[in-house]
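Biologist: I have a protein model open and would like to learn how to read it. Could you take me through it feature by feature?

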Amino acid sequence: MKNVLVAMSGGVDSSAAVLLLQDKLFQVSGCTLRLWNPSGRAWENVDESSDPAAVRDAASVSSSLGVQLAVLDLETLFEERVIGPFVKSYLSCRTPIPCIKCNRFMKFDSLMEYADRNGFDYVATGHYARIGEDSDGKKTLLRGRDHKKDQSYFLFEMNQQLLARLIFPVGDFLKSEIRTLLETRNIHIADKPESQEICFIPGGDYAGFIRSYCEHRKGPLAAEFRNLDQEGPVFHKDGALLGTHKGLYRYTIGQRKGLGIAHSRPLYVLELNKMENSLILGYKEDTFSRALEASDVNWISGTAPEMPLEAEVKIRSNHLMARCIVTPAKTQSGRDGVRVEFVKPQSAVTPGQAAVFYRGDQVLGGAWIERGLQLEI
């Protein structure tokens, strides 16, 4: 009987993962993570009633499923690997995806290390993705069967070592089937709503979180915030002055709402010019790019495919896949990376987001977007 450690959040998907693995006669244990404590108190000074809701829910579900639950305090690592880079990215006029780094460093690397110390054969999570194997015996990452819930975009930094020890039990199911499974087993969180927010910003107020985080700290990050937390000019792409912005960290490429600029046509953010503390706006057609440059490339097979590579790419988690051609390239910053040429121009290519490459359901790999190359209109 194989031992498996399941990452439990107290939600529908991780709870279903436990049931599915028990049905397959795995010896299942659970593990949940304390990641961010807004109160500022050390976890050892927080009683169980003050634990995050996810930890309390995980404890309740694990008890009902007869699963032993371990709780790992990873707040220091979470701040170092996820929150700090998240804030720094916004202050660099980029738009980060903290869930990808959280998956890699918290849910997989940390849990795998814990699993190794405690004799577990596998680690499992409730992600909507699947793991396969190619003709050479290498592990492959595949989209979940439920394409509406597919989370493979957030897993592009996986490697062969991790995939060999991971299980995604819910990846072969539709979300509706997972809820039905919990209902038929009388699990009380079967109708628990899904969270669409970043876990450490439950209200979705990114700017407010960044301000609060930086104002209570000293050092380079706080100084960077003070430099960026200043009003500056808003220009039309043709150079006309349109108004004043409230601090560049409040905006992102492609943004339309919340600009506070009256104009005869809808305006979109085209550029955040940190050197001049200015915001550049234009029209919808101005947001399209013919290509992008990206760095920190990860190929899930462990080796780069033959280039040029014809593939499909997603440039945001909810982006429809677009046909593209990928070639090796030095980025504008001088780093090794790739150039991605779109067959059809794509809107709002955003620095800090990920470009993830697919062939059918298979995730080939991905990279972090540095810049989009605009159309010449």
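**Reading the model**

Modeller: Buried means under 20% relative accessible area, exposed means over 50%, and partly exposed is in between, using a 1.4 Å probe and protein chains only. Keep in mind that this is a predicted model, where local features need pLDDT of at least 70 and side-chain atom pairs count only at pLDDT 80 or more, while totals for chains, interfaces and linings use all residues. Residues are numbered from 1 along each chain as its sequence is written, and side-chain values use heavy atoms, with hydrogens and water left out.

Biologist: Which residues is valine 12 in contact with, leaving aside its neighbours within four places in sequence?

Modeller: Contact means heavy atoms within 4.5 Å. With those neighbours left aside, valine 12 touches Lys175, Ile178, Arg179, Leu182, Ile189, Ala190 and Lys192. Valine 12 and alanine 190 are 178 residues apart in sequence, yet their C-alpha atoms are 6.1 Å apart in space.

Biologist: Where do valine 12 and arginine 179 sit?

Modeller: Helices are DSSP runs of H or I with at least four residues, and strands are runs of E with at least two, numbered from the N terminus. Valine 12 belongs to helix 1 (residues 12-23), and arginine 179 to helix 6 (residues 175-184). The protein has eight helices and 17 strands.

Biologist: Is arginine 179 buried or exposed?

Modeller: Arginine 179 is buried, as its relative accessible area is 19%. Beyond its neighbours within four places in sequence, its contacts include Val12, Asp191 and Glu194. Across the protein, buried residues make up 50% of the 377 residues.

Biologist: How many disulfides does the structure hold?

Modeller: A disulfide is a pair of cysteine sulfur atoms within 2.5 Å. The structure holds zero. For cysteine 99, the closest cysteine sulfur is in cysteine 102, 6.9 Å away, so the two are too far for a bond. Cysteine 214 is in no disulfide either, with the nearest cysteine sulfur, that of cysteine 93, 13 Å away. Cysteine 99 is partly exposed at 36% relative accessible area, whereas cysteine 214 is buried at 4%.

Biologist: And how do I read the charges?

Modeller: Lys and Arg count as positive and Asp and Glu as negative, without His and the chain ends. Each charge is placed at NZ of Lys, CZ of Arg, CG of Asp or CD of Glu. This protein has 46 positive and 47 negative side chains, and the centres of the two sets lie 2 Å apart.
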